[in-house]
Amino acid sequence: GSYTALATWRAERDAIARNLQRGLRPPRPARVEGLESSVIFEATGRGIEIGGDLYDVLPTEDGCWVLIGDVAGKGSEAAGVSVAVRHAVRGLTREVDEPEEVLSRVNELLLEGTGLNDFATAALVRLRRRDGGWTLTAASAGHPPAIHVRGGGARLLGGGTVLGALQDAKVHRHDAPFASGDTLLLCTDGWLEAGPQSEHRDPLELARLAEYLAPLALEEMTARLRGDAISRTHGELRDDIVLLALRRVDARRPD
């Protein structure tokens, strides 16, 4: 009867959402010469509760683009918007040089959409080899700040407004050299807001932790940060968590 039909529909809807979710993120960040990367993706979604977190690393001839984002809402609609954002960025980065311009175009696409909740926060970073060194250009649209850990401390690369809400979304740009040994850390708000409110962390606390953990190997650094979130939730994550870290390493010369 109708109950069976409803159950079948729910199961199908959940399966679609799960398949969409698989399309949201590459299994491992693509390899980029001169950079190490490490990613933690904790998906809490059971069936339709799938969140809209996404990330991507897109290699270029002179380095890479790094994307992290979070779409409003849950379930297959959020997953669909996440897929759209990731594919839009993949296409746009082939023809647009500046990360803030890419995010402005994504804003236009979201505004054209028919969904009522087509909102997303995003950070997009371009890492480039230039004249023997590397440069970092970050664009932020309402997303938790990317953190650049370098000699002399950690810098927050945040700001901007949510995409898909305003005709002229504010996208903040940050430029810096990306020196040997520097680390770039990106996260979604699932990490900041893990556990009860009293246990939430703000981006400054993440920056301090990142600075403290930066001497560790990159995989160990992200594992410790994951452990911090899990310990705050006592094992019960309510939101997806993405932690994505990249570090500049000089190519080892053969002995």
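## A buried arginine and its partner

At 15% relative accessibility, Arg-128 counts as buried (buried is under 20% relative accessible area, exposed over 50%, partly exposed in between, with a 1.4 Å probe and protein chains only). Its partner is Asp-62: the two form a salt bridge, with 3.0 Å between the closest N and O atoms (a salt bridge is a side-chain nitrogen of Lys or Arg within 4 Å of a carboxyl oxygen of Asp or Glu). Asp-62 sits in the loop between strands E2 (53-60) and E3 (63-71) and Arg-128 in strand E4 (residues 120-130), so the pair ties together parts 66 residues apart in sequence. Helices (H or I, at least four residues) and strands (E, at least two) are DSSP runs, numbered from the N terminus.

## What the numbers rest on

This is a predicted model, where local features need pLDDT of at least 70 and side-chain atom pairs count only at pLDDT 80 or more, while totals for chains, interfaces and linings use all residues. Residues are numbered from 1 along each chain as its sequence is written, and side-chain values use heavy atoms, leaving out hydrogens and water.

## Two other pairs

The structure holds 15 salt bridges. One of them joins Glu-95 and Arg-105 at 4.0 Å, N to O. Glu-95 is in the loop between helix H2 (75-92) and helix H3 (99-112), with Arg-105 in helix H3, ten residues apart. Glu-95 is exposed at 62% relative accessibility, and Arg-105 is partly exposed at 30%.

Then there's Arg-232 with Asp-228, a salt bridge at 2.9 Å, N to O. Both lie in helix H6 (residues 218-233), four residues or about one turn apart, and both are buried.
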